Amino acid sequence: MHTMHFLHLGAREWHGRARGTHSMSGLATPDSNREKKRTLLQFLSDHFHDVQTLREYLLQKQISKVSMENRSYRKIQERYGPYITGAQFILKQGGAVKFQGRDWIRPNDRGHSIAELQKVPVEAVDASGCAINYQGLSNLLPLKELQFLSLQRCPNLDDWCLSRLYLLAGSLQELSLAGCPRISERGLACLHHLQNLRRLDISDLPAVSHPGLTQILVEEMLPHCEVLGVDWAKSLKLGPDDQPPDTSSPLSS
């Protein structure tokens with residue numbers, strides 16, 4: 001807290017200096033721009049003794065921003081119920097929602113009032129690229145009629161988040177986790193509860209060590225589900241003559 005307060009005061013001091021420099025000359029000249037850059041560099045060097053301190057400050061600021069974006073919508077929940085709460089949360093995150101029998105609603109749509117849909121279940125959520133995390137999922141898990149959920153390219157989604165999706169097992173039919181950088185085999189193993197899934201996209205997951213084998217295991221775990229991740233399994237589609245020899249096997253000698 002002391003560091004944050006100090007940095008806040010420092011930022012005010014820098015902006016004050018910048019305004020003062022600007023007011024002394026009506027038009028910016030190349031010399032004044034160079035002077036302003038030197039002043040900024042001097043300010044940074046005076047207040048941040050090393051790059052690590054600056055990085056820690058920026059990281060803490062980003063964490064606070066994500067935490068705020070994933071706060072609980074308890075008051076909205078109490079007044080309007082789970083459908084409006086979940087929809088409002090996703091729209092604030094920049095995603096899209098679809099109520100039963102209605103068109104998709106996106107943040108920049110005009111003329112849509114979701115308050116009148118208080119009794120209409122949410123059947124689809126597109127949270128692609130959103131900052132949703134473990135805490136924020138609490139706003140979606142009460143959507144018991146949710147059939148489609150896209151969480152692809154969500155940077156804060158991790159294995160712990162997937163361990164909570166069992167609460168949607170009764171309705172969820174399509175799930176996309178493609179491109180999520182923090183999901184590994186451990187998180188995918190938690191999806192065995194989702195026996196109603198008919199389509200699952202687990203492509204492009206860099207934290208998965210053995211993608212081809214993982215896809216096979218997920219397909220066995222969810223026998224009625226189409227599992228997408230073909231790029232990972234290219235080696236499995238090679239013909240017998242194209243397969244590299246397994247020198248570790250006693251049968252290869």
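This is a predicted model: local features need pLDDT of at least 70, side-chain atom pairs count only at pLDDT 80 or more; totals for chains, interfaces and linings use all residues.
Buried residues, those under 20% relative accessible area with a 1.4 Å probe and protein chains only, make up 37% of the 253 residues in the chain. Residues are numbered from 1 along each chain as its sequence is written, and side-chain values use heavy atoms, with hydrogens and water left out.

The chain has eight helices and seven strands, taken as DSSP runs numbered from the N terminus (helices H or I, at least four residues; strands E, at least two). Contact here means heavy atoms within 4.5 Å. Among the contacts with a separation of 6 or more, 65% are between residues 24 or more positions apart.

The seven strands form an open sheet in the order β2-β1-β3-β4-β5-β6-β7, with mixed pairing; two strands pair if DSSP finds at least two bridges between them. β2 and β7 (226–228) are the edge strands, each with a single partner, so one side of each has no neighbour in the sheet. Helix α5 (residues 82–93) packs on this sheet and touches β1, β2 and β3. Its direction makes about 155 degrees with that of β1, where axes are lines fitted to C-alpha atoms, for helices over the stretch in contact, and angles run from 0 to 180 degrees between N-to-C directions.

Strand β1 (residues 96–99) pairs on both sides. With β3 (residues 122–126) it is antiparallel over four bridges, and Ala96 stands opposite Asp126. With β2 (residues 104–105) it is also antiparallel, through two bridges, and Lys98 stands opposite Trp104. Four residues lie between the strands of the β1 and β2 hairpin, where Gly101 takes a positive phi near 75 degrees. In a regular strand the side chains alternate between the two faces of the sheet. Both faces of β1 are covered, with Ala96 and Lys98 buried on one side and Val97 and Phe99 buried on the other. Further along the sheet, β5 (residues 174–176) and β6 (residues 199–201) run parallel and are joined by three bridges, with Arg199 as the bridge partner of Glu174.

Phe99 is also one of the residues that touch the most other members of the largest nonpolar core, alongside Leu149, Leu175, Leu177, Leu188 and Leu200. This core has 49 residues; the term denotes a set of buried Ala, Val, Leu, Ile, Met, Phe, Trp, Tyr and Cys residues joined through side-chain atoms within 4.5 Å. α5 gives the most to this core, with six residues. Not counting residues up to four places away in sequence, Leu149 touches Val125, Leu140, Leu165, Leu168, Leu172, Glu174, Leu175 and Ser176.

Helix α8 (residues 211–221) has the buried residues Gly212, Thr214, Gln215 and Val218. These cover an arc of only 160 degrees around the axis, which puts them on the same side of α8; the arc is that of the directions from the helix axis to the C-beta atoms. Their cover includes α7 (185–189), β6 and β7. Leu213 and Glu220 are exposed on the face turned away from the buried side of α8.

The structure holds zero disulfides, a disulfide being a pair of cysteine sulfur atoms within 2.5 Å. For Cys130, the nearest cysteine sulfur is that of Cys154, 5.8 Å away. Cys130 is buried, with a relative accessible area of 2%, whereas Cys190 is partly exposed at 22%.

Terms used:
Buried means under 20% relative accessible area, exposed over 50%, partly exposed in between (1.4 Å probe, protein chains only).
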